[in-house]
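Okay, thanks everyone for coming.

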Amino acid sequence: MHQILNNTPAWDRVVVARHPSRPKAIDFLPLLFDGLILMRGDRLYGDDPALIGGIAYFNNRPVTVLAQSKGRNAQENVNTNFGMMHPEGYRKAMRLAKQAEKFERPIITLIDTPGAYPGVQAEQRGQATAIAQCLQLFASLEVPVIALVISEGGSGGALALSVADAIIMLENAIYSVLSPEGFASILWKDESKAPFAAEIIKLTSADLLELKIADTIIEESVMGSHMDLHKVANQCKTVIQSYLDTFSVMPVDQLLQHRYQKFRKIGTIE
């Protein structure tokens with residue numbers, strides 16, 4: 001873990017974050033948790049493979065896990081819709097988050113998505129409403145919520161699961177309201193300017209730490225976390241545990257106020 005990063009171009013970070021060999025949630029889960037019991041379905045429409053949800057032990061403590069899941073090959077990417085969740089995925093997340101609150105379990109989320117699925121079927125099933133309700137719920141949960149951005153944190157699809165008491169980012173992870181390609185196509189009608197857009201929209205972990213959106217950065221190998229996955233995962237466990245130790249002893253009203261102020265202060269000028 002470190003706080004000061006080198007001046008690596010933002011686009012290089014984007015390339016590493018999207019590297020085909022970069023570890024996915026399914027690679028991190030067995031290194032972070034024990035005894036994971038998967039839970040499926042939103043009790044309304046169906047299950048969304050783009051979200052892995054369940055109960056597990058984190059350092060012998062019961063927690064609820066919500067992990068956005070990309071695939072490691074073409075078939076897995078098709079099965080998980082490239083990590084782009086449908087409304088039923090966000091409703092599943094809300095169902096498990098409410099259950100966690102009921103049984104006083106902390107919630108740990110793993111963020112890795114280019115964004116929520118923008119297809120017609122998702123809109124027909126209430127994509128925008130599902131994300132809005134997820135944001136509202138996570139803002140008011142009376143248990144600690146820790147978010148870990150492992151690769152891409154794209155748009156409201158990522159924000160829905162990262163209204164958290166602490167946001168941890170891997171060094172080469174990115175987190176933004178819009179992809180560089182989307183930014184370039186809107187502003188200049190030219191996706192080839194995505195590398196320039198990446199510098200402007202401040203999506204790197206260093207940028208977000210400076211903007212006080214991210215709270216901690218986990219150091220990676222120069223080539224990315226796939227080169228030292230076990231080391232990165234152990235660092236993640238240490239940081240997550242430190243935040244759990246802090247937030248678990250907070251009175252509920254103080255915890256909620258902390259979470260509110262964390263997001264309320266974003267974008268303010270001191």
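Let me start with a question: which side chain meets Arg 91 in a salt bridge? That's Asp 42, with N to O at 3.1 Å. Keep in mind we're looking at a predicted model. Arg 91 sits in helix 4, residues 87-102, and Asp 42 in the loop between strand 1 and strand 2, so this pair ties together parts 49 residues apart in sequence. And both Arg 91 and Asp 42 are buried.

Take Lys 262 and Asp 215, whose side chains meet at 2.8 Å, N to O. Here Lys 262 is in helix 12, while Asp 215 is in the loop between helix 10 and strand 8, 47 residues apart. Lys 262 is buried, at 10% relative accessible area, whereas Asp 215 is partly exposed, at 27%.

Next, Arg 18 and Glu 152: their closest N and O atoms are 3.2 Å apart. Arg 18 is in the loop between helix 1 and helix 2, and Glu 152 is in strand 5, so the bridge ties together parts 134 residues apart in sequence. Arg 18 is partly exposed at 30%, and Glu 152 is buried at 10%. These two also belong to a network of salt bridges that links them with Lys 70, Asp 112 and Glu 181.

Val 177, Leu 178 and Ile 186 make a nonpolar surface patch, together about 290 Å² of accessible area. Leu 178 is in the loop between strand 7 and helix 8.

Key
Residues are numbered from 1 along each chain as its sequence is written. This is a predicted model: local features need pLDDT of at least 70, side-chain atom pairs count only at pLDDT 80 or more; totals for chains, interfaces and linings use all residues. Side-chain values use heavy atoms; hydrogens and water are left out. Patches are made of residues with over 30% relative accessible area and no salt bridge: like charges are joined within 9 Å, nonpolar side chains (Val, Leu, Ile, Met, Phe, Trp, Tyr) within 5 Å. Accessible areas come from the Shrake-Rupley method with a 1.4 Å probe; for residues, only the protein chains shown count as cover. A salt bridge is a side-chain nitrogen of Lys or Arg within 4 Å of a carboxyl oxygen of Asp or Glu. Helices (H or I, at least four residues) and strands (E, at least two) are DSSP runs, numbered from the N terminus. Buried means under 20% relative accessible area, exposed over 50%, partly exposed in between (1.4 Å probe, protein chains only).
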